Amino acid sequence: MSEKRSIETTCIQGGWQPENGGPRQLPIYQSTTFKYATSEAMGKLFDLEAEGYFYTRLQNPTNDAVAAKICEMEGGAAAMLTSSGQAATFFSIINICSAGDHVVSSATIYGGSSNLLTVTLKRFGIESTLVDPDLPEEELAKAFKPNTKCVFAETIANPALVVLDIEKFARLAHSHGVPLIVDNTFATPINCRPIEWGADIVTHSTTKYMDGHAMTVGGCIVDSGNFDWEAHADKYPGLTTPDESYHGITYTKRFGKGAFITKATAQLMRDLGAIQSPQNAFLLNAGLESLHVRMPRHCENALKVAQYLQSREDVAWVKYPGLPGDKYYELAQKYMPDGTCGVISFGLKGGRAAAGAFMDKLKLASIATHVADARTCVLHPASHTHRQLSDEQLVEAGVDPSMIRFSVGIENVNDLIEDIRQALED
Ligand SMILES: *Cc1c(COP(=O)(O)O)cnc(C)c1O
């Protein structure tokens, strides 16, 4: 990882580095455990004094190779895989927040993330304030409290397709002495690298474009290593004071830029065990190898589908940040000049009822609780992913009750447009 190479090359060559005569393909270390010659060598691992593997609930070499690839793609300092995107979000927050702490989050985030913040983390004593990310900085500043420990947002919100002004959020977080965590699932590092714009920690649901083939649920956390925990030591005692469960190690002192990820591995993986299976990491790695080829096609197809929908009389509205005239077009051009993602949303003039009828008639696009996949898929958030939200909460999350979320795949775009045409007309 010493030489700076382009992201396309990292997609293929990053991570696994075979030794002389070693396997070219990333091996699946299908082993729960690892053998050592002496009792002392093993003891050092338990004290975090030596690096190495001892039990796959904490770390596995297959997973680490894939995490290293994603880390390089995002321009981070350290990374870890998790069992799902939800686990990545959860770990990234609780690694620095405890009961009595507070999170400022964009309101336009994935439904699972808003449930995590407002229901489950609340039960753990961590409060969240959800903010409209488009508000001016001085309005957003009002959401901060003395016990605020981080800011959370998505590069491109799923499913609202709100583009985050990352620099604004980074400034806001840093002026309050806390890190910015950005869920970069929809943009992927091919289209946006939030760390370059000031984000401190990046999370992913690798289940989406990174896997790309609807094969494996997974997540990833990448730490930039840029946030100065020591400068705000009183806020982050878990990182800056001795961890008695590891014989008094202080993560920032011992691990520097690796402190955040080491703590998350040593404590959270140890105690909560949301590890990704090495089999899944292997499949994820295969997906990553073509990410840089798939993303431009997703974006190209999505723009054509969005333009087609926009040209139709029976379509009430279309949202796609890559579409000129979209509310977020300018922000998208700034942060993602090469393309945003393949997901568009739209509403039919017939509203909720027409959405169901349209979806039932689609032949190529499948109704699936999935998004950001090679195959085109479609979902009605108000009846599916966001079913548990009230109409008021839906609007707050940027979800119009008529919204159809259309995840444009990499099939031939004319076939996709014909599928939409027949579902609307025939
Ligand atoms: C799907 C998704 C998640 C959750 O990821 P899982 O892998 O399903 O747990 C988090 N954030 C975003 C933006 C997502 O699209």
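Is Thr 188 buried or exposed, and at what relative accessibility? In this predicted model, Thr 188 has a relative accessibility of 0%, and because buried means under 20% relative accessible area, Thr 188 counts as buried. Thr 188 belongs to helix H8, which covers residues 188-191, and its backbone has a positive phi of about 60° even though the residue is not a glycine. A second residue with a backbone of this kind is His 247, which is not a glycine either and has a positive phi of about 50°. His 247 sits in the loop between helix H9 (237-240) and H10, and with a relative accessible area of 64% it is exposed. Most residues other than glycine have a negative phi, and most peptide bonds are trans. Pro 159 is part of the loop that runs between strand S4 (148-154) and helix H7 (166-175).

The ligand is surrounded by 14 residues, and the closest of them are Asn 158, Asp 183, Ser 205, Thr 207 and Lys 208. A polar atom in the side chain of Asn 158 is placed 2.8 Å from an oxygen atom of the ligand. The backbone takes part as well: a polar backbone atom of Gly 85 lies 2.9 Å from an oxygen atom of the ligand, and a polar backbone atom of Gln 86 is likewise 2.9 Å from an oxygen atom of the ligand. On its own the ligand has 380 Å² of accessible area, and the protein covers 92% of it.

Helix H4 spans residues 85-94, and Thr 89 lies in it. Thr 89 has a relative accessibility of 3%, and therefore counts as buried. Beyond its neighbours within four places in sequence, the residues in contact with Thr 89 are Ser 113, Leu 116 and Phe 152.

Another threonine, Thr 252, has its place in helix H10, residues 251-255, and is counted as buried because its relative accessibility is 11%. The side chain of Thr 252 is joined to that of Glu 230 by a polar contact of 2.6 Å. When residues up to four places away in sequence are not counted, Thr 252 touches Trp 229, Glu 230, Leu 239, Thr 240 and Ala 259.

Helix H12, residues 278-289, has twelve residues and reaches 17 Å from its first C-alpha to its last, close to the 16 Å expected at 1.5 Å a residue. Its buried residues are Pro 278, Ala 281, Leu 284, Asn 285, Gly 287 and Leu 288. These residues cover an arc of only 160° around the axis, so they lie on the same side of H12. What do the buried residues of H12 pack against? Their partners are helix H1 (7-13), helix H3 (61-74), strand S1 (78-82) and helix H13 (291-310). H13 itself has 20 residues and reaches 28 Å between its first and last C-alpha, close to the 28 Å expected at 1.5 Å a residue. Among the buried residues of H13 are Leu 291, Arg 294, Met 295, His 298, Cys 299, Asn 301 and Tyr 308.

Phe 34 is located in the loop between H1 and helix H2 (39-46), and at 17% relative accessibility it counts as buried. Along the chain Phe 34 and Asn 60 are 26 residues apart, while their C-alpha atoms are separated by 9.5 Å. With neighbours within four places in sequence left aside, Phe 34 is in contact with Tyr 53, Phe 54, Tyr 55, Thr 56, Gln 59, Asn 60 and Pro 61.

The last stop is Leu 331, found in helix H14, residues 329-335. Not counting residues up to four places away in sequence, Leu 331 touches Val 163, Leu 164, Asp 165 and Met 336. From Leu 331 to Arg 375 there are 44 residues in sequence and 27 Å in space, C-alpha to C-alpha.

Notes. Residues numbered from 1 in each chain as written. Predicted model: local features only at pLDDT ≥ 70, side-chain atom pairs only at ≥ 80, totals over all residues. Heavy atoms only, no water. Helix = DSSP H or I, 4+ residues; strand = E, 2+ residues; numbered from the N terminus. Expected span 1.5 Å × (residues − 1). Buried < 20%, exposed > 50% of the residue type's maximum accessible area, 1.4 Å probe, protein only. Arc of directions from axis to C-beta. Contact = heavy atoms within 4.5 Å. Near = heavy atom within 4 Å. Polar contact = N/O pair within 3.5 Å; in protein donor to acceptor, adjacent residues only side chain to side chain. Areas by Shrake-Rupley, 256 points an atom, 1.4 Å probe, with all protein chains shown as cover.
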